[in-house]
Amino acid sequence: MTGSLNMVGYGLAAVGPGIGIGLVFAAYINGTARQPEMQSRLQTIAFLGFALTEALAIIGIALAFVL
């Protein structure tokens with residue numbers, strides 16, 4: 001019973017990184033629309049934010065299987 005509860009907990013916890021990724025790219029699109037000349041710098045920062053936010057989801061799925 002605990003294994004399936006771990007997966008339910010991870011499913012609920014995956015909502016946070018999903019919202020975070022949406023916010024990162026919404027800010028990137030907003031910033032690019034306001035200052036198109038800054039696109040390359042904003043793109044680098046957006047992908048870094050995406051990677052860090054996605055790492056939280058990957059750590060969460062690993063912990064769901066381990067615990």
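Reader: What makes the side chain of T53 and the backbone oxygen of G49 a polar contact?
Author: Check the distance. A polar atom of the T53 side chain lies 2.7 Å from the backbone oxygen of G49. A polar contact is a pair of N or O atoms within 3.5 Å; within protein, one must be able to donate a hydrogen and the other to accept it, and residues adjacent in sequence count only if both atoms are side-chain atoms. At 2.7 Å the pair is within 3.5 Å, so it qualifies. This is a predicted model, in which local features need pLDDT of at least 70, side-chain atom pairs count only at pLDDT 80 or more, and totals for chains, interfaces and linings use all residues. Residues are numbered from 1 along each chain as its sequence is written, and side-chain values use heavy atoms, with hydrogens and water left out.

Reader: Why is T53 called buried?
Author: T53 has a relative accessible area of 15%. Buried means under 20%, exposed over 50%, and partly exposed in between (1.4 Å probe, protein chains only). The 15% of T53 is under 20%, so T53 is buried. A46, G49, A57 and A64 of α3 are buried as well.

Reader: Which residues does T53 touch, leaving aside its neighbours within four places in sequence?
Author: T53 is in contact (heavy atoms within 4.5 Å) with P17, G20, I21 and V24.

Reader: Where is T53 in the fold, and what makes that part a helix?
Author: T53 sits in helix α3, residues 39-66. Helices are DSSP runs of H or I with at least four residues, strands are runs of E with at least two, and both are numbered from the N terminus.

Reader: How do you know that the length of α3 agrees with its residue count?
Author: Compare two spans. The expected span is 1.5 Å times one less than the number of residues. For the 28 residues of α3 that gives 40 Å, and the end C-alpha atoms are 40 Å apart, so the values agree.

Reader: What about T32: buried or exposed?
Author: T32, in helix α2, has 17% relative accessibility and therefore counts as buried. Its side chain reaches the backbone oxygen of Y28 at 2.9 Å. Not counting residues up to four places away in sequence, T32 touches Q39 and L42.

Reader: How many aromatic pairs are there, and by what rule?
Author: There are 2 aromatic pairs. Rings of Phe, Tyr and Trp (its six-membered ring) pair if their centres lie within 6.5 Å; planes under 30 degrees apart count as stacked, over 60 as edge-to-face and the rest as tilted. F25 and F47 have ring centres 6.2 Å apart and planes at 65°, so they are edge-to-face. F25 lies in helix α2 (residues 15-34) and F47 in helix α3, so this pair ties together parts that are 22 residues apart in sequence.

Reader: Why is the pair of F25 and F50 called tilted?
Author: The ring centres of F25 and F50 are 5.8 Å apart and the planes meet at 55°, so the pair is tilted. F25 in helix α2 and F50 in helix α3 are 25 residues apart, and the pair links distant parts of the chain. Ring pairs join F25, F47 and F50 into a cluster.

Reader: Why are F25, F47 and F50 called partly exposed?
Author: Take their accessible areas in turn. F25 has 25%, F47 has 47% and F50 has 31%. Each value falls in the range in between, so each residue is partly exposed.

Reader: What makes the protein more spread out than a compact globule?
Author: Start with its parts. The protein has 3 helices and 0 strands. Its radius of gyration (taken over C-alpha atoms) is set against the globule rule, 2.2 Å times the number of residues to the power 0.38. The radius is 16 Å, well over the 11 Å that the rule gives for 67 residues, so the protein is more spread out than a compact globule. The C-alpha trace spans about 55 × 15 × 5 Å along its principal axes.

Reader: Which residues does UniProt annotate as "transmembrane region"?
Author: The unreviewed UniProt entry gives residues 12-33 and 45-66. Such annotations may be inferred rather than shown by experiment; positions follow the numbering used here and feature names are shortened. In the model, residues 12-33 are 95% helix, with end C-alpha atoms 33 Å apart. Residues 45-66 are 100% helix, and their end C-alpha atoms lie 32 Å apart.
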